[in-house]
Amino acid sequence: MSGYPPEMQESIRSVEATRARRVGETFPAMSMEQREKILSGFHPDYREETFHAVRVGVSKGQRMPVELARVVEARPHVGADFDLSAPVAETDVLVIGGGGGGASAALLAQESGARVILVTKLRFGDANTVMAQGGIQAADRPEDSPSIHYLDVIGGGHFTNVPDLVEALVTDAPCVIKWLEDLGMMFDKEPDGTMMEEHGGGTSRKRMHSARDYSGAEIMRTLRDEVRNREEHIAVVEFSPAVELVLDDQGRIAGAVVVNLETGVYGYIKAKAVVLATGGGGRLHYQDFPTTNHYGATADGVVLAYRVGAPLGYLESMQYHPTGAAFPEQILGLLVTEKVRGLGAQPVNKRGEQFVYPLEPRDVEAAALIRECSERGNGVVTLTGQPGVWLDSPMIDMIHGPGTIQRALPAMVRQFARFDIDIAQEPILVYPTLHYQNGGVRLKADASTDIPGLFIAGEVSGGVHGHNRLMGNSLLEITVFGRRAGRTAAHYAGQVMLAAPNLAHVAAWNREMEAAGIDTDVISPILLPDYVHRE
Amino acid sequence: MATETRVADNKMIPIYIMGKQYLVPPALTIMKAMEYAGYKLIRGVGCRGGFCGACGTAYRIQGDPKLYFGLACQTVVQPGMYLAQLPFFPARRETYDISQLEPTATTLFSLYPEVLRCLGCGACTKACPQEIDVRDYMAAAMRGDLAKLADTSFDCIMCGLCAARCPAEEAQYNIAILARRLYGRYLAPRSEHLERRLEEIETGKFTVDLEELKGLGEEELKVRYKARDIEPK
Ligand SMILES: Cc1cc2nc3c(=O)[nH]c(=O)nc-3n(C[C@H](O)[C@H](O)[C@H](O)COP(=O)(O)OP(=O)(O)OC[C@H]3O[C@@H](n4cnc5c(N)ncnc54)[C@H](O)[C@@H]3O)c2cc1C
Ligand code: SF4
Ligand code: SF4
Ligand code: FES
């Protein structure tokens, strides 16, 4: 029995009819000019009307998606009169965010002598980190070098990356792999110990290290296990997201206000330094796109840091992964890994025709899919109104031999089989999905910011990847900058003497909002998306 | 937010959330059905993609004697489904210093002596939403075969459903991660190329190159970027 309804099966028959011919033909790649044209015509980043230049704060004028601006230009949870006189806890370093970035920071801060509290929104490890499948980059083979990695990163980022940050990323990369391995992470290896490394989009050397289909999960569970082993020095507090940072009388970080999600009670955690590692914002659903991100990805860190005056950057570009699941509805937006195209599956329209080279850069590929479904009207529309094109997965077994799909993509096969779709026999319906926040809070190479005592790590940051991140560089970023942030924060905390804490910045923010004529009901960070159905 | 709960038709089906009936559209996952029913989820939800293990669920279906387990984000509702979320299950976990351990069966048994109490009943395997043969990896654990335990438990998302079912009160997934970490650190073959690269970085071999690259303007960087030779697939 096929999980596809009859209307869609009809289109599948057209795909089958052209398959044998297409195996030998590949749609030509675009020229630079063609790429630029399709991007400006169809990539979501170029839809001017969906962006907003933020009207308040230090980065006034920064363009960002309207959905993000809506939570940035919003009201804080607590007023300036919130009582800070009786902190619920006190520590040297407060880590906000229990993903890979936060876990790395907590470990290094503790190793550098600090007492650490890690607060996180849901459970420790419920994060984008745990969802990463592909892998992590590091130039550790003789034919590769950190300098070659540097060029790949900066070219991929359209030459807008901050050079010091890229240098840190590529130089620390091999050390991070070693660190993860010493913690007991199981990398894919040849019997002689050589790492199995593959290409990723935009790499000039094979440097993608993996742990089967579960690279991010393996990093996350290893780091989490290690944090738990140090429970004497690192306290983990779950279901307690931060809602406001606290400064002292001299404008230095003095901790954060957190809320217990289950009781609704707010409390002040006093800290000499804060590492912000709250990840991305896919759950804001920019331009109503579905997302690959976890439930708590609501761009909280951008909001928190900005309200205490940390500059933002690069938020005018978001990464849309070209192939998110468009059917069945139950898994709308979930990632269909790049590997499917890498193994030879072509995107084709409702008539079974190719319309794009399968491995254009992510932004170009995504724009081509959108054009096929919008302007050209060649997409398949599901019963719920979701458009998509076919990703012709059965080609993989035709090219590489029967059984290849099962062997190479077990997680994908399992995912679709749950809905009676056998991707070795039937194509997958795909449409671009919101995947990664390229920009965020600006940081320096030691993970510090313009605000004394505030350190940044991971997807919440901006500058490492310029305007476009390459696959495999964000698992790298979270470990490289997580470690740097933890270390720097601990050293800083060892020296600072806090003055009285206050929330004066909240009053100033509210005044500035009023002066700008912004009248809003939105209270941010929003913490969770609202998916509750209402009649 | 329409993006998460678009509904194709309005033929509703009854499901029972902790015993209380709700009518929901037929094609939703358990997770989306709960949201459709009006729950704002805080517990029992994380990645929404089958990777984090936050959404373990036990269920029965009216007229069917069997007890089922699944992930709420990956399982579609059926008429007459009785659901209970298991977002957390208490399981024993030892703390240890990985750098001080030896990768041996003795280590495993001294940290988790209960390994040897496994009855081989297979209730864990039946409960595992990742289709892992948990009984089999527990058998490897009893033999002290760390490599096999590490390998066969690899897809574990630590949802805790196996532990919830175990008559021997095992914490299978905590035992398994200990074995994987011992394997990754001590038993997996060493990567010589990685060690060499670390030495090179230590001695500053790439510093000059990187300094130069950092100083280049966009035009020169573009030239170098275009001139990269690409390693064949
Ligand atoms: C499906 C998918 C596949 C991917 N594949 C790859 C890949 O193959 N290679 C690669 O390099 N990258 C990949 N990425 C990207 C990469 O996984 C992420 O960018 C990276 O893991 C982010 O790590 P992080 O620690 O910054 O954030 P996260 O891992 O998202 O962690 C952030 C944590 O902060 C918590 N948090 C949020 N707000 C608050 C708050 N207010 N208070 C307290 N806590 C809060 C969150 O709940 C979460 O636990 C992928 C991403 C996705 C979604
Ligand atoms: S449920 Fe417990 S006793 Fe039964 S096989 Fe699994 S681990 Fe052993
Ligand atoms: S082994 Fe246990 S904890 Fe791991 S996925 Fe299976 S049921 Fe969940
Ligand atoms: S929510 Fe993460 S596995 Fe279901």
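Predicted model: local features only at pLDDT ≥ 70, side-chain atom pairs only at ≥ 80, totals over all residues.
Residues are numbered from 1 along each chain as its sequence is written, chains are lettered from A and ligands numbered from 1 in the order in which they are written, and side-chain values use heavy atoms, leaving out hydrogens and water.

**Salt bridges**

The whole structure holds 53 salt bridges over all chains.

| Pair | Closest N and O atoms |
|---|---|
| Asp300(A) and Lys121(A) | 3.0 Å |
| Arg341(A) and Glu365(A) | 4.0 Å |
| Glu114(B) and Arg92(B) | 3.0 Å |

Asp300(A) sits in helix H8 (residues 300-307) of chain A, and Lys121(A) in the loop between strands S4 (116-119) and S5 (136-137) of chain A, so this pair ties together parts 179 residues apart in sequence. Helices (H or I, at least four residues) and strands (E, at least two) are DSSP runs, numbered from the N terminus. Asp300(A) is buried at 5% relative accessible area. Lys121(A) is buried at 11%. Buried means under 20%, exposed over 50%, and partly exposed in between (1.4 Å probe, protein chains only).

Arg341(A) is buried at 4%, and Glu365(A) at 1%. In chain B, Glu114(B) is buried at 7%, whereas Arg92(B) is partly exposed at 36%.

**Ligand 2**

The shell of ligand 2 has 13 residues (a heavy atom within 4 Å). The closest are Cys118(B), Cys121(B), Gly122(B), Cys124(B) and Cys166(B). The shell divides into 8 nonpolar, 3 polar and 2 charged residues. Ala, Val, Leu, Ile, Met, Phe, Trp, Tyr, Cys and Pro count as nonpolar, Asp, Glu, Lys and Arg as charged, and the others, Gly among them, as polar.

**An open sheet**

Chain A has an open sheet of 3 strands, ordered S12-S18-S20, with mixed pairing. Two strands pair if DSSP finds at least two bridges between them. The edge strands, S12 (312-313) and S20 (461-462) of chain A, each pair on one side only. S12(A) runs antiparallel to S18 (residues 440-442) of chain A, joined by 2 bridges. Leu312(A) has Val441(A) in S18(A) as its bridge partner.

Notes. Salt bridge = Lys/Arg side-chain N within 4 Å of Asp/Glu carboxyl O.
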